[in-house]
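Notebook open. Today I want to go through the pockets and the nonpolar cores, one at a time.

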Amino acid sequence: MRYKIIADSCCDLTTELKEHLQITTIPLNMTLGEKCFIDDDTLDLPQFMEEMKACTTKIGSASPSPLLYKEAFQGTHTSFAITLSSNLSSSYASALIGKDMAEEENGADVHVFDSKSASAGQVLLALKLRKLIDEGYHKSEIISSLETFITKMKTYFVLENLDNLVKNGRMNKITGKILSFLHIRPILGSDGDGNIALFTQARGQNQIIEKLADTIEKSGRDTEGESIVITHCNNPGLAEKLMTALKNRYQFKDIHIVSTRGISSMYANDKGIIMAF
């Protein structure tokens, strides 16, 4: 059976990963004040980051339209979509509307996964999904396996710059200023339902790496034969150091390092790092 994989553009991918996963990405929209940007391959990311740093007004984003999802779901028997957490974006809701439209108009067969995560978490789910498809699993088995994995998946991230979380109301302004002034880096992550929660904090790169690595041991997860994804915004050095630490402590089969694209870069901000396993 032929399957198609679709994800919104918060699923950060290299050209090589796109080819391996055979995935179609649907762009979100971003706004810096009154200026709009589309998070697709035409986005000049360095220029966008410069404009974002200079922006003193509201920074925001909007999910893809249901029509874009509907068009992506057409032309194949079965499609799977992986979206941003429904508690962070309306991308999941748009995908469900697009699914209904495609099924009604064209008899498409679609399942939409709420990643309850973002960025690295979506990449990890796409890798899992491709593996299940390539191994010949039936649609119902694929859905059951991936939905179960979503309930167990852990996503953590550390931001060097908290400005955009403050601007978007996801962090108290005073708290953000205090943390920045004290050079404390909060270790944030998904609470299991796709909401952002504070887990602990760190000072300096070494402590960030140690505490991120500790989250894996605390999860009780068996890492042998598993994959982990690290995404970063202009911070390859920290990503590589984290990868080295994980190789020394755990038995992951694959560790993928990917640069963030537009929407993830907007919220992770410069030097932010995200890890999902």
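This is a predicted model: local features need pLDDT of at least 70, side-chain atom pairs count only at pLDDT 80 or more; totals for chains, interfaces and linings use all residues.

I started with the second largest pocket, and by class its lining has five nonpolar, five polar and seven charged residues.

I looked up the volume of the second largest pocket next, and got about 360 Å³. Of its 17 lining residues, the closest to the centre are Leu127, Lys128, Lys131, Gly225 and Ser227. Helix 5 provides the largest share of that lining, seven residues. Helix 6 and strand 12 (254–259) also supply at least two each. I checked the domains too: domain 1 (4–152) and domain 2 (155–276) each put at least three residues into this lining.

Then I moved on to the largest pocket, with a volume of about 460 Å³. I find 28 residues lining it, with Leu84, Leu88, Ala118, Ile196 and Tyr267 closest to its centre. Helix 11 gives the most to this lining, four residues. Where does the largest pocket lie relative to domain 1 and domain 2? Both domains give residues to its lining, so it lies between them.

Last, the cores. The largest nonpolar core has 34 residues, and Phe80 and Leu129 have the most contacts inside it. Helix 5 contributes its largest share, nine residues. I also see at least three residues in this core from each of domain 1 and domain 2.

Definitions and conventions:
Residues are numbered from 1 along each chain as its sequence is written. Side-chain values use heavy atoms; hydrogens and water are left out. A nonpolar core is a set of buried Ala, Val, Leu, Ile, Met, Phe, Trp, Tyr and Cys residues joined through side-chain atoms within 4.5 Å. Buried means under 20% relative accessible area, exposed over 50%, partly exposed in between (1.4 Å probe, protein chains only). Domain bounds come from an automatic or database domain assignment. On a 1 Å grid over the protein atoms alone, a cavity is a set of points where a 1.4 Å probe fits but cannot get out, and a pocket is an open set with protein on both sides within 12 Å along at least five of seven lines; lining residues have an atom within 4 Å of a point. Grid points are joined across faces, edges and corners, and a volume is the space filled by probe spheres set on the points. Ala, Val, Leu, Ile, Met, Phe, Trp, Tyr, Cys and Pro count as nonpolar, Asp, Glu, Lys and Arg as charged, and the others, Gly among them, as polar.
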